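I shall take you through one structure, strand by strand, and then turn to a few individual residues.

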Amino acid sequence: MKLGVNIDHVAVLREAREVNDPDILQALYVACENGAQQITIHLREDRRHIQDVDVKNILMHSKLPVNLECSINKEILDIVSELQPHRATLVPEKRQEVTTEGGLDVFGLSSEISYAIEQLHDSLIPVSLFVDPTIEAMEQTKDLGAEMVELHTGHFSNLFAMLNSSLPYSNHSVKELELSRTELSTQLEESIEQIKLSAIHAHKLGLEVAAGHGLNYHNVHEMMKIKEITELNIGQSIIARSVFTGLAEAIKEMKRLTRR
């Protein structure tokens, strides 16, 4: 299992005070030296964390492949095409959202996504699509010409947290999932099965399969059971753990959990 470490949240801390501390390049070096096999970053349209100069510097100094998440906005695509990361992952993006809320609409935005993939391929950049785990989305991802799919695990992660953590008793409880434990358990099992079936189908179609969003030290074992998933991209939980253990140990611990 390849572990991609998303270091966006290091930049979130930096931008909160508008200083260069913590240094995103120091986070890059620590990740490279402590078990990460890929660096993942997201260049958002509103530049709320990663900046253009960060992407340039990370691409220049990273000894690991860089997976650059981005929207299908033309301005962003032009920047990505010029910078030429090792891979571009197309994701949905809303200015008002706290974090990515769902998978890319590969049906409603098929023409725009097709154009984006064509532009990135012209720059010799492999493309992954970040989509909800459905059989239909796997087939559409293949038809659009992407080489890889990343399964959005946000719904699974929310269900797992509402069932197995203190989330329901916090200010961040997921209102639509304030259900009985029996119903949460049923929905969680269904979500895991949906991810598994989507991964199997994507693999049969010849797509490389990754997963990400909301994965953490408590729920990642469920993804490890699905052999068709060969890559995980994890960020927030690693950076959160690093507050208490340091970034190096946080990455090493996640690496231990994702070792097959």
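Predicted model: local features only at pLDDT ≥ 70, side-chain atom pairs only at ≥ 80, totals over all residues.

Strand E4, residues 87-90, and strand E5, residues 127-131, are paired in parallel over three bridges. Within that pairing, Thr 89 has Ser 128 of E5 as its bridge partner.

This pair belongs to a wider arrangement. Eight strands form a closed barrel in the order E1-E2-E3-E4-E5-E6-E7-E8, and the pairing is parallel. From one strand to the next, the twist averages 25°. For those new to the subject, strands of a sheet pair through backbone hydrogen bonds, either parallel or antiparallel.

A helix also packs on this sheet. Helix H8, residues 181-204, touches strands E6 (148-152), E7 (208-212) and E8 (229-234). The direction of H8 makes about 175° with that of E6.

Next, I turn to strand E3. How many of the five residues of E3 are buried? Five of the five, in residues 66-70, are buried, so this strand is largely enclosed by the rest of the structure. In a regular strand, side chains alternate between the two faces of the sheet. In E3, both faces are covered: Val 66, Leu 68 and Cys 70 are buried on one side, and Asn 67 and Glu 69 are buried on the other.

What are the partners of E3? Strand E2, residues 38-42, runs parallel to E3 and is joined to it by four bridges; here Ile 39 stands opposite Val 66. E2, helix H3 (residues 52-61) and E3 together make a right-handed β-α-β unit. E3 also pairs with E4, in the parallel sense and over four bridges. In that pairing, Glu 69 has Thr 89 of E4 as its bridge partner. To get from E3 to E4, the chain passes through helix H4, residues 74-83, in a right-handed β-α-β crossover.

Helix H4 contains Ser 81. Is Ser 81 buried or exposed? Its relative accessibility is 10%, and because buried means under 20%, Ser 81 counts as buried. Beyond its neighbours within four places in sequence, Ser 81 is in contact with Gln 119, Leu 120, Ser 123 and Ile 125.

Ser 173 is placed in the loop between helix H7 (154-164) and H8. With 8% relative accessibility, Ser 173 counts as buried. Setting aside residues up to four places away in sequence, Ser 173 touches Met 162, Leu 167, Pro 168 and Glu 178. Met 162 is 11 residues from Ser 173 along the chain, and their C-alpha atoms are separated by 7.5 Å. The side chains of Ser 173 and Glu 178 are joined by a polar contact of 2.7 Å.

Four of the five residues of E7 are buried, and the strand is mostly covered. E6 and E7 run parallel and are joined by five bridges, with Met 148 facing its bridge partner Glu 208 in E7. E7 and E8 also run parallel, joined by four bridges, and Ala 211 stands opposite Leu 232 in E8.

Finally, the nonpolar core. In soluble globular proteins, nonpolar side chains tend to be buried together. The largest nonpolar core here has 80 residues, and Ile 7, Leu 90, Leu 129, Ile 229 and Leu 232 touch the most other members. Among the residues that Ile 7 touches, beyond those up to four places away in sequence, are Ile 24, Leu 28, Ile 39 and Ile 58.

Notes
Residues numbered from 1 in each chain as written. Heavy atoms only, no water. Pairing = 2+ DSSP bridges. Helix = DSSP H or I, 4+ residues; strand = E, 2+ residues; numbered from the N terminus. Axes fitted to C-alpha atoms, helices over the stretch in contact; angles between N-to-C directions. Contact = heavy atoms within 4.5 Å. Buried < 20%, exposed > 50% of the residue type's maximum accessible area, 1.4 Å probe, protein only. Right-handed = clockwise from strand over helix to strand, strands pointing away. Core = buried A, V, L, I, M, F, W, Y, C linked by side-chain atoms within 4.5 Å. Polar contact = N/O pair within 3.5 Å; in protein donor to acceptor, adjacent residues only side chain to side chain.
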